[in-house]
Amino acid sequence: MMLTLSKHIVEANRQARTGQPIDRGTYIGPRAERPHGLAYWHRQCRRPVTAICTAAFNMRVLAYDPLLTAEQIQSRGAEKVELDELLAQSDYVSVHCPLTKQNRKMMGAAQFAA
């Protein structure tokens, strides 16, 4: 999904079907200054998502996880931030955690609006 969104594949496909010339500059990928946000790094997803975001998209990775220290997050290739900051700065946000009582209402209308 990130690849489709970042490379504007749907829009490019629509334009290609019109027969009009395509301006490739219109479909440039994500801006490196806009990071990917990870909310709650569940242990199975930490490294693969960070590796993909940095290697394939040259993105900074921000992470919100109240259970990990800034040093632990930094050692895994990301920068620790609070959830509000993560939502405000990130073009993409993915949530990687099992549903628990503590995080059940973490993402609501206000968070999706941000």
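## Contacts along the chain

Take contacts between residues at least 6 apart in the protein's sequence: 58% of them join residues at least 24 apart. A contact here means heavy atoms within 4.5 Å. This is a predicted model, in which local features need pLDDT of at least 70, side-chain atom pairs count only at pLDDT 80 or more, and totals for chains, interfaces and linings use all residues. Residues are numbered from 1 along each chain as its sequence is written, and side-chain values use heavy atoms, with hydrogens and water left out.

## Helices and strands

The protein has six helices and four strands. Along the sequence they follow the pattern α-α-β-α-β-α-β-α-β-α. Both kinds of element are DSSP runs, numbered from the N terminus: helices are H or I with at least four residues, strands are E with at least two.

## Surface and burial

The accessible surface of the protein comes to about 7600 Å². Carbon and sulfur atoms hold 54% of that surface. Areas come from the Shrake-Rupley method with a 1.4 Å probe; for residues, only the protein chains shown count as cover.

The protein has 114 residues, and 32% of them count as buried. Buried means under 20% relative accessible area, exposed means over 50%, and partly exposed lies in between (1.4 Å probe, protein chains only).

## Nonpolar cores

The largest nonpolar core has 12 residues: Met2, Leu38, Val49, Cys53, Phe57, Met59, Val61, Ala63, Leu68, Ile73, Ala78 and Tyr92. Such a core is a set of buried Ala, Val, Leu, Ile, Met, Phe, Trp, Tyr and Cys residues joined through side-chain atoms within 4.5 Å. Helix 3 (46-57) and strand 2 (61-64) are the elements that give two or more residues to this core. Helix 3 gives the most, with three residues. A second, separate core has eight residues, including Tyr64, Leu86, Leu87 and Met106.

Cys53, a member of the largest core, counts as buried because its relative accessibility is 1%. Cys97 is partly exposed, with a relative accessible area of 27%. The structure holds zero disulfides. A disulfide would be a pair of cysteine sulfur atoms within 2.5 Å.

Ala12 sits in helix 2 (residues 9-18). Its relative accessibility is 19%, so Ala12 counts as buried. Leaving aside residues up to four places away in sequence, Ala12 touches Ile22 and Tyr27. Arg24 lies 12 residues from Ala12 along the chain, and the C-alpha atoms of the two are separated by 8.7 Å.

His96 is found in strand 4 (residues 92-96). At 14% relative accessibility, His96 counts as buried. The side chains of His96 and Ser94 are joined by a polar contact of 2.8 Å. A polar contact is a pair of N or O atoms within 3.5 Å; within protein, one must be able to donate a hydrogen and the other to accept it, and residues adjacent in sequence count only if both atoms are side-chain atoms.

## The salt bridge

The structure holds one salt bridge. Glu79 forms it with Arg60, and the closest N and O atoms are 3.3 Å apart. The pair links distant parts of the chain, 19 residues apart. Glu79 is in strand 3 (residues 79-80), and Arg60 is in the loop between helix 3 and strand 2. The term means a side-chain nitrogen of Lys or Arg within 4 Å of a carboxyl oxygen of Asp or Glu. Side chains of opposite charge can pair when their charged atoms come close.

Glu79 is partly exposed, with a relative accessible area of 37%. Arg60 is also partly exposed, at 34%.
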